[in-house]
Amino acid sequence: MTRFPRFRRARARRLFAAATTATLLLISAGLTTPGTAAAATPAVSEPGYWVVTAPATAVGDLATDLSRRGYDVMEGLSPDGVPILATADAARRLRRDGLTVRYTGPLYQPVPATVQAAAGTYYGGYHTAAAHETHNQQVVTAHPDLAVLRPIGQSWLKTQNRGGHDIQALCITKIRTGDCALSTTGTKPKFTLMAQMHARELATGELAYMWIDYLVSNYGRVSAVTTLMDTTELWVIPIANPDGVDIVSSNSTRPVSQRKNAHDNGCSGTGRGVDLNRNSSYHWDVNQGTRCSETYPGTGAASEPETQGIQNFLAGIYRDTKPAADFSPATTATTGTFLTLHSYAQLNIYPYGWTNSLAPNNTDLKAIATAMARSNRYTVVHGDGGLNYFAPGATDDWIYGTLGVPGYTVEVGPNSSTCSGFFPAYSCMSSFWNLNLPAFMTLASAAAKPYPTGS
């Protein structure tokens with residue numbers, strides 16, 4: 001398996017030591033991690049992971065009910081109930097409603113005291129939105145023959161003249177005339193990797209950062225990378241929700257659990273904002289969440305500037321090969337692939353996510369997801385399989401349903417251990433990378449002909 005770029009034994013020992021220290025600290029504190037059987041009950045206001053069960057109620061039905069009531073329902077079905085992120089006080093309210101609620105672990109992993117925070121990082125090593133922007137510029141400055149940086153939209157705060165960010169996309173390829181244009185007429189097929197649409201899903205942005213470095217550092221050195229960059233445009237949107245990431249990283253040791261963007265909607269705390277992965281213009285559903293819930297889809301389809309920028313960008317570089325009807329297939333002439341990274345549940349998800357009905361290109365779509373699973377060993381699912389709910393208005397469905405481009409979601413990270421949850425120890429990034437790099441390469445390499453059978 002391809003290793004973490006520039007990963008040396010000394011750094012491996014440091015990461016192992018950091019992970020060991022974090023585990024020992026958890027044990028000494030009497031805590032265990034998400035998905036484990038025994039855990040100390042946290043303080044009333046302390047957020048943590050719980051599993052909820054109800055007599056004679058199907059897990060999927062319970063998940064839907066909890067989500068509609070405003071609870072933060074996690075991806076990935078627990079074998080014995082619905083996992084949620086909540087405070088101990090909220091868990092007590094659920095018990096008063098007659099539900100069984102079991103604590104499985106804390107939201108936060110300890111950051112070892114020995115970790116020296118580098119500029120632009122937080123929570124043991126994760127990069128801020130500003131640091132990603134600096135990194136993007138450094139890459140194109142150092143590798144003008146391999147990378148181009150494009151602004152593709154604006155965050156909500158920037159549209160309000162209240163700070164904010166441009167949404168940035170890097171195009172990485174061996175640049176020749178006509179490459180990396182915001183046009184559907186380019187000769188090279190395209191692969192796009194997008195991360196941190198849900199701001200609190202820290203590992204996803206970091207994987208995008210590593211993917212960028214791996215590509216530009218290994219052109220001319222690793223044959224598979226060289227071939228890929230000679231033949232394919234590799235687009236990266238490292239931070240799809242930069243305003244949200246600013247909120248998350250505002251506390252460097254206990255990140256804020258902000259999922260949505262920063263759109264003011266009268267809600268306090270992490271209730272503020274719109275879930276960008278329910279906001280696309282494909283099968284947008286007003287019933288996905290109330291205004292302050294984690295899955296609030298916004299006031300209308302593609303209401304958010306982040307969504308508009310991303311959709312306009314993708315429609316501007318990929319050719320449309322699919323009829324508008326949901327169950328009309330894309331043609332075998334389709335080129336391009338798309339991946340959006342989320343966390344956590346160890347899933348490779350392929351279209352559709354808004355229904356359990358098979359997509360018209362199901363055979364080919366599933367074949368790519370299965371090929372990815374040979375390296376990351378994640379479960380291959382579609383619809384609500386492996387999840388607690390459908391996801392109408394999601395980006396992966398939008399790109400397939402409207403353009404015919406195969407769109408995938410990878411849910412990074414396990415359901416237990418210090419590498420679980422939205423805020424895994426930074427030392428987990430090496431294992432995430434080693435598992436998912438080959439999956440990225442698989443999906444990128446499929447961009448030239450993603451539908452070989454047309455079925």
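Predicted model: local features only at pLDDT ≥ 70, side-chain atom pairs only at ≥ 80, totals over all residues.
Residues are numbered from 1 along each chain as its sequence is written, and side-chain values use heavy atoms, with hydrogens and water left out.

**Confidence**
- The protein chain has an average pLDDT of 90, and 90% of its residues score at least 70 (pLDDT is the predictor's confidence in each residue, from 0 to 100).
- Residues 1-33 have a pLDDT below 50, yet this stretch has 55 contacts in the model beyond near neighbours in sequence (a contact means heavy atoms within 4.5 Å).

**Pocket and cavities**
- Both terms come from a 1 Å grid over the protein atoms alone: a cavity is a set of points where a 1.4 Å probe fits but cannot get out, a pocket is an open set with protein on both sides within 12 Å along at least five of seven lines, and lining residues have an atom within 4 Å of a point.
- The second largest pocket holds about 360 Å³ of space, and its lining is made up of 4 nonpolar, 9 polar and 4 charged residues.
- Around the largest cavity sit 16 lining residues, with Asn277, Ile349, Leu387, Ala391 and Glu411 nearest its centre; the lining splits into 5 nonpolar, 6 polar and 5 charged.

**A helix pair**
- Helix H6 (residues 202-218) packs against helix H7 (residues 223-231) at about 95°, with the axes 9 Å apart; H6 is therefore roughly perpendicular to H7 (the word covers angles of 65 to 115 degrees).
- Helices are DSSP runs of H or I with at least four residues, and strands are E runs of at least two.
- On the H6 side, Trp211, Tyr214, Leu215 and Asn218 meet Val225, Thr226, Leu228 and Met229 of H7.
- That contact of H6 with H7 involves 6 nonpolar, 2 polar and no charged residues.

**Backbone features to look at**
- Most residues other than glycine have a negative phi, and most peptide bonds are trans.
- Ser343 and Tyr344 are joined by a cis peptide bond with omega of about 10°, and Tyr344 lies in the loop between strand E11 (337-343) and strand E12 (347-349).
- Pro351 to Tyr352 is also a cis peptide bond, with omega near 0°; Tyr352 is in the loop between E12 and helix H10 (362-376).
- Ala302 is not a glycine but has a positive phi of about 55°.

Note on methods:
Axes fitted to C-alpha atoms, helices over the stretch in contact; angles between N-to-C directions. Parallel < 35°, antiparallel > 145°, perpendicular 65-115°, else oblique. Nonpolar A, V, L, I, M, F, W, Y, C, P; charged D, E, K, R; others polar. Points joined across faces, edges and corners; volume = space filled by probe spheres on them.
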